[in-house]
Amino acid sequence: MLTCYDDVLKVTDELVGVESIVNTTGEIEVAKRLFDLIFSQNYFKSNPSHVFMSRTEDDKVERYNVFAFVKGTKAKSNKTVILMGHTDTVGIDDFSHLKDKACSPSELKKALANEKLPDLVKEHLQSDEWHFGRGVLDMKSGVASHFYLLKYYSEHPEELIGNLVFFAECDEEDSSHGVLSGLKDLKRLREEHLFDYQALINSDFVAPRYEGDPNRYIYKGTVGKLLPSFFITGAGTHAGSSFEGLDPNYIAAELTRQISYNPDLCDQSLGETPMPPVSLKQTDFKPTYTIQTALSAYVYYNFFIQSWSPKEVLCLLKEQAEIAFENGINTMKERHRKYCEISGQPYSELPWKTRVIVYEDMQKTLVELHGDRYLNHMKQFKENLLLDETLDVRMFSARVVEEEWNWMKDKSPAIILFYSSLYSPRVDLSGKNEKEQNLIKALDYAIEIVQPHYSKPIVTRNYFPYVCDMSCVALSDGEDDIKAVIENNPSWGTKHYVNYDAIREINVPTINIGPYGYDAHNRYERTELAYTMEVVPNLTNQVIRKLLGMEVVEVEK
């Protein structure tokens, strides 16, 4: 077992001390700090081309990835393992009056001792087994673990067969500009140095899955994430004659009732079940108060997938939207009938009918109706809309659909279904090829070697349950699935673009061995010291050694 606790903790604190909140200049500072740490090693002084900073592409924010690599001298081999982790963090506003201490673990621990804390947080604070602070868990300690291994093999290249590539990415917490830009660097390194990528080991955080869960998890892949979005058009009316119109907020509410928390929409695969969809935004587009009902509404949902494709999800959610629309209309008709009875008004059947349109189908209809006049108009509209920097990609997409709806000949109420943001592909490690099989064997062996030195169970699962940048280094989807993402995203090619071919070109088997703790993205963020500073680097090291065909370090049990 490597004796690494103190070294990993020291680098963790050094990285945590840089306030590298996503989309701030702190991302530049932490990249420079990490670069300096690497370049200070003798190996990199002698091989300066083996470490570099690489600026992200097509990014309005200046920020950098950090790359470094060590070439082993024990035996000639092109086999290469990539160690990846992100250096940005979420913000620190949740620390409120302790914001100035959020990135100083020692000061934060002292300050938290004077706070009223939940029982478990208080218990951890009073022990010497936990480390607090923004980024200690998510995931600077993971980057520090990878740095330790890079440093170790730079000092002992004679022990290394093949190559080790260190990849510290920025912007994981927002739009994955870091990893997506870094794909070109991985490709260049492969071409220039003939690296044969065997596996990528990510080091994002892991956490208990339920209260009292004793396990420390290693994940063989990750969930995918979609953002299915619904633009809902209604029929406006004065609130004093509400049954003469159709309120799109009413349909949106029915849609959310149908989709949010619905376990039937969980994509079960390999014996595991991700969280069901949940609404992340629901709004209408009325700019100010009027007594008229809204003309349109907008709602989008987080949607995790494990085996379903983006194309399958569109079909599934079209059915769900039709159920919601039908239920909404039927309930409205019942209420209208009852209102007519109690008010003494004559009853007449309401005209509303269920209508759900998938975005690409609406596009085909509009092109058939209006041809180049429509296409040229929308091109100019999107260019003008790009000037409004207050719009994120999700609201940009909604505004595009709103404008396109104006060109529809049939404007009866409808739900338009589309994707409005980044698709993070699902990744599984199931032994589909020799490299996957080798990684699974290496992981199993690493756990067998390290488990006797740690009291809690180290357990593998198939899908990392949160969104992470593992999604951007391997691709399970076929061409038709990616085509469904492209053709159903209104902002594609203007506000939003992802080179999925670049992901497919790298397509390296991936696992996640990361720090263990609680409350990531929370003011009580903390990591368990023993597992994070000692077990994680040793697990990762054993996987590397097994994959690269090095003599396995035997340890006493």
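User: Where is the place of Met550?
Analyst: This is a predicted model, where local features need pLDDT of at least 70, side-chain atom pairs count only at pLDDT 80 or more, and totals for chains, interfaces and linings use all residues. Residues are numbered from 1 along each chain as its sequence is written, and side-chain values use heavy atoms, with hydrogens and water left out. Helices (H or I, at least four residues) and strands (E, at least two) are DSSP runs numbered from the N terminus. On that numbering, Met550 lies in the segment after α15.

User: Is Met550 buried or exposed?
Analyst: Buried means under 20% relative accessible area, exposed over 50%, and partly exposed in between (1.4 Å probe, protein chains only). Met550 has a relative accessible area of 5%, so the residue is buried.

User: Which residues does Met550 touch, not counting those up to four places away in sequence?
Analyst: Contact means heavy atoms within 4.5 Å. Met550 and Ile161 are 389 residues apart in sequence, yet their C-alpha atoms are 6.2 Å apart. With residues up to four places away left out, Met550 touches Tyr153, Glu159, Leu160, Ile161 and Arg545.

User: How are the rings of Tyr152 and Tyr153 arranged?
Analyst: Rings of Phe, Tyr and Trp (its six-membered ring) pair if their centres lie within 6.5 Å; planes under 30 degrees apart are stacked, over 60 edge-to-face, and the rest tilted. Tyr152 and Tyr153 are both buried. Their ring centres are 5.1 Å apart and the planes stand at 90°, so the pair is edge-to-face.

User: What kind of pair do Phe285 and Tyr298 form?
Analyst: Phe285 sits in the loop between β11 (278–284) and β12 (296–305), and Tyr298 in strand β12, 13 residues apart. Phe285 is buried at 13% relative accessible area, and Tyr298 is buried at 0%. The ring centres are 6.1 Å apart with planes at 35°, so the pair is tilted.

User: Which residues do ring pairs link into a cluster?
Analyst: The count of aromatic pairs comes to 29. Ring pairs link into a cluster Phe231, Phe285, Tyr298, Tyr300, Tyr359 and Phe418.

User: At roughly what angle do the axes of α12 and α15 cross?
Analyst: Axes are lines fitted to C-alpha atoms, for helices over the stretch in contact, and angles run from 0 to 180 degrees between N-to-C directions. Angles under 35 degrees are roughly parallel, over 145 roughly antiparallel, 65 to 115 roughly perpendicular, and the rest oblique. α12 and α15 are therefore oblique to each other. The axes of α12 (residues 434–450) and α15 (residues 529–547) come within 8 Å and cross at roughly 135°.
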